[in-house]
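Me: I have a model open and would like to go through its side chains with you. Could you take my questions as they come?

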Amino acid sequence: MEHSERILDIVAKRGLTHYRVAKDTGISLSLFGKWKEKPTSKISSEKLVLIADYFGCSIDYLVGRTENPDVNR
């Protein structure tokens with residue numbers, strides 16, 4: 001699973017819209033559209049940190065290094 005797919009999955013599981021997450025994190029809505037259209041693992045560390053902080057999960061979870069989303073395992 002690409003990193004962007006995991007991010008889009010957590011957005012859906014939390015019942016949020018791409019618009020809401022984009023607005024709350026400052027990540028452009030168009031980037032969410034690009035991730036949906038063409039999944040990628042090339043996501044800046046800055047954006048991964050923003051998303052991990054927003055969802056209260058670990059970056060390791062977002063990049064697929066663990067199935068445990070908790071920050072403190």
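Me: How many salt bridges does the count come to?
Reply: The count comes to four salt bridges, where a salt bridge is a side-chain nitrogen of Lys or Arg within 4 Å of a carboxyl oxygen of Asp or Glu. Please keep in mind that this is a predicted model, in which local features need pLDDT of at least 70 and side-chain atom pairs count only at pLDDT 80 or more, while totals for chains, interfaces and linings use all residues. Residues are numbered from 1 along each chain as its sequence is written, and side-chain values use heavy atoms, with hydrogens and water left out.

Me: What is the mean pLDDT of the protein?
Reply: The mean pLDDT is 93, and 97% of the residues reach 70 or more, pLDDT being the predictor's confidence in each residue on a scale from 0 to 100. By element, the mean confidence is lowest in helix H5 (residues 59-62), at 93, and highest in helix H2 (residues 18-25), at 97. Helices here are DSSP runs of H or I with at least four residues, strands are runs of E with at least two, and both are numbered from the N terminus.

Me: Back to the salt bridges: which residue does Asp 9 pair with?
Reply: Asp 9 forms a salt bridge with Lys 13, and the closest N and O atoms are 3.1 Å apart. The two residues are separated by about one helical turn, because they stand four residues apart in helix H1. Asp 9 counts as partly exposed at 27% relative accessibility, whereas Lys 13 counts as exposed at 62%; buried means under 20% relative accessible area, exposed over 50%, and partly exposed in between, with a 1.4 Å probe and protein chains only.

Me: And what about Arg 20 and Asp 24?
Reply: Their side chains meet in a salt bridge at 2.9 Å, N to O, and both residues lie in helix H2, four residues apart, about one turn of the helix. Arg 20 is partly exposed at 34% relative accessibility, and Asp 24 is partly exposed at 39%.

Me: Which residue meets Arg 65?
Reply: Arg 65 meets Asp 60 through a side-chain salt bridge of 3.7 Å, N to O, and Arg 65 itself is exposed, with a relative accessible area of 67%.

Me: Switching to H2, which residues are buried there?
Reply: Val 21, Ala 22 and Thr 25 are the buried residues of H2. They line one face of the helix, because they fall within an arc of 100° when seen down the axis of H2; the arc is that of the directions from the helix axis to the C-beta atoms. The face turned away from this buried side carries the exposed residues Tyr 19 and Lys 23. The buried residues of H2 pack against helix H1 (3-13), helix H3 (29-37) and H4, where contact means heavy atoms within 4.5 Å.

Me: What follows H2?
Reply: Gly 26 follows H2, and its phi is positive, near 85°.

Me: Which residues of H4 are buried?
Reply: Leu 48, Ile 51, Ala 52 and Phe 55 are the buried residues of H4. They are on the same side of H4, because they cover an arc of only 100° around the axis, while Glu 46 and Asp 53 are exposed on the other side. The buried residues of H4 pack against H1, H2, H3 and H5, and the helix is followed by Gly 56, whose phi is positive, near 65°.

Me: How many aromatic pairs does the structure hold?
Reply: The structure holds two aromatic pairs. The rings of Phe 32 and Trp 35 have centres 5.2 Å apart and planes at 65°, so this pair is edge-to-face. The rule pairs rings of Phe, Tyr and Trp (its six-membered ring) if their centres lie within 6.5 Å, with planes under 30 degrees apart counted as stacked, over 60 as edge-to-face and the rest as tilted.

Me: Are Phe 32 and Trp 35 buried or exposed?
Reply: Both Phe 32 and Trp 35 are buried. For Tyr 54 and Phe 55, the ring centres are 4.9 Å apart and the planes are at 85°, so that pair is also edge-to-face. Tyr 54 is partly exposed at 28% relative accessibility, whereas Phe 55 is buried at 6%.
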